[in-house]
Amino acid sequence: MSGSVMGLDGRLRCRWCIAAPEFLDYHDKEWGVPVVDDIRLFEKLCLESFQSGLSWRTILAKRESFRAAFAGFDFRKVALFDEADVTRLMADAGIVRHRGKIEAVINNARRACELVEAEGSLAAFVWRFEPVDDEARPQSRSTSPASEALSKELRRRGWKFVGPITVYAFMQAMGLVNDHAEDCVMRSEVDRARASLRRPS
């Protein structure tokens, strides 16, 4: 759902944020704001992988349950999960009970630990894929050359459920691209946040 819509406060926002009441807060306070915190980056990659085939509204509604189930998405803790944890998670009605995706989160936590050991931080690695001079119209696509490159590298390193569509949604949400509609009130705010951001290295 691209384009913009006038809000009750008289300000234009991305049209998708009126699809559900809880989307407005998420749109105004989170979506597109640049993130360099490893835990938040890992969480978002996991939640986007759970969203595959589902709606973001479903995942957002369950986000706190996901956080409780997966140790706050601290990948160092999740990396220690075993088969007993998989059984526990499969019985947890608060999350999406998909064995493949649950096992992927545990696998990806272990891969994240390896990546941090090799690269210094998850943020330093991910932000290397921030696109430069990408002139695509906002919300005009579901993948990008940058998301395809990041997806390919993650999969080469053994990550699962990180296809280019999942990774592009992650990049939109975590501020690696500013995909707010051109006349959305948040676009300029995200531009300012990105301009002042100290990129991890």
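Me: Where in this predicted model does alanine 71 lie, between which two helices?
Reply: The model is predicted. Alanine 71 is partly exposed, with a relative accessible area of 28%. Its place is in a loop, and the helices on either side are α4 (63-69) and α5 (75-78).

Me: What is the phi of alanine 71?
Reply: Most residues other than glycine have a negative phi. Alanine 71 is a residue other than glycine with a positive value. Its phi is near 50°.

Me: Is glutamine 139 buried or exposed?
Reply: Glutamine 139 lies in the loop between α8 (122-127) and α9 (145-156). Its phi is positive, near 55°. The relative accessible area of glutamine 139 is 15%, and the cut-off for a buried residue is under 20%. Glutamine 139 is therefore buried.

Me: Which residues are in contact with alanine 112, leaving aside its neighbours within four places in sequence?
Reply: Alanine 112 is placed in helix α7 (residues 99-119). It is buried, with a relative accessible area of 0%. With neighbours within four places in sequence left aside, its contacts are Phe42, Phe75 and Trp159.

Me: How many Å apart in space are alanine 112 and cysteine 14, C-alpha to C-alpha?
Reply: In sequence, alanine 112 and cysteine 14 are 98 residues apart. In space, C-alpha to C-alpha, the separation is 32 Å.

Me: Which residues of α6 and α7 make the contact between these helices?
Reply: Helix α6 (residues 83-90) packs against α7 with the axes 10 Å apart. From α6 the contact takes Glu83, Val86, Leu89 and Met90, and from α7 it takes Arg99, Ile102, Glu103 and Ile106. By class, these divide into 5 nonpolar, no polar and 3 charged.

Me: Why do α6 and α7 count as oblique to each other, and what is the hand of their crossing?
Reply: The two helices pack at an angle of about 135°. Angles over 145 degrees count as roughly antiparallel and 65 to 115 as roughly perpendicular, so this angle falls to the oblique class. α6 and α7 are therefore oblique, and their crossing is right-handed.

Me: How do α2 and α10 pack, and what is the hand of the crossing?
Reply: Helix α2 (residues 38-51) and helix α10 (residues 164-173) pack at about 135°, with their axes 9 Å apart. At that angle, α2 and α10 are therefore oblique to each other. Their crossing is right-handed.

Me: Which residues meet where α2 touches α10, and what classes do they belong to?
Reply: On the α2 side are Leu41, Lys44, Leu45, Glu48 and Ser49, and on the α10 side are Thr166, Ala169, Phe170 and Ala173. By class, the contact of α2 with α10 has 5 nonpolar, 2 polar and 2 charged residues.

Me: Is arginine 13 buried or exposed, and which residues are in contact with it beyond four places in sequence?
Reply: Arginine 13 is found in strand β2 (residues 12-14). It is buried, with a relative accessible area of 5%. Leaving aside neighbours within four places in sequence, its contacts are Gly3, Ser4, Val5, Gly7, Leu24, His27, Asp28, Cys184 and Val185.

Notes
Residues are numbered from 1 along each chain as its sequence is written. This is a predicted model: local features need pLDDT of at least 70, side-chain atom pairs count only at pLDDT 80 or more; totals for chains, interfaces and linings use all residues. Side-chain values use heavy atoms; hydrogens and water are left out. Helices (H or I, at least four residues) and strands (E, at least two) are DSSP runs, numbered from the N terminus. Buried means under 20% relative accessible area, exposed over 50%, partly exposed in between (1.4 Å probe, protein chains only). Contact means heavy atoms within 4.5 Å. Axes are lines fitted to C-alpha atoms, for helices over the stretch in contact, and angles run from 0 to 180 degrees between N-to-C directions. Angles under 35 degrees count as roughly parallel, over 145 as roughly antiparallel, 65 to 115 as roughly perpendicular and the rest as oblique. A crossing is left-handed if the near helix is turned anticlockwise from the far one by less than a right angle, and right-handed if clockwise. Ala, Val, Leu, Ile, Met, Phe, Trp, Tyr, Cys and Pro count as nonpolar, Asp, Glu, Lys and Arg as charged, and the others, Gly among them, as polar.
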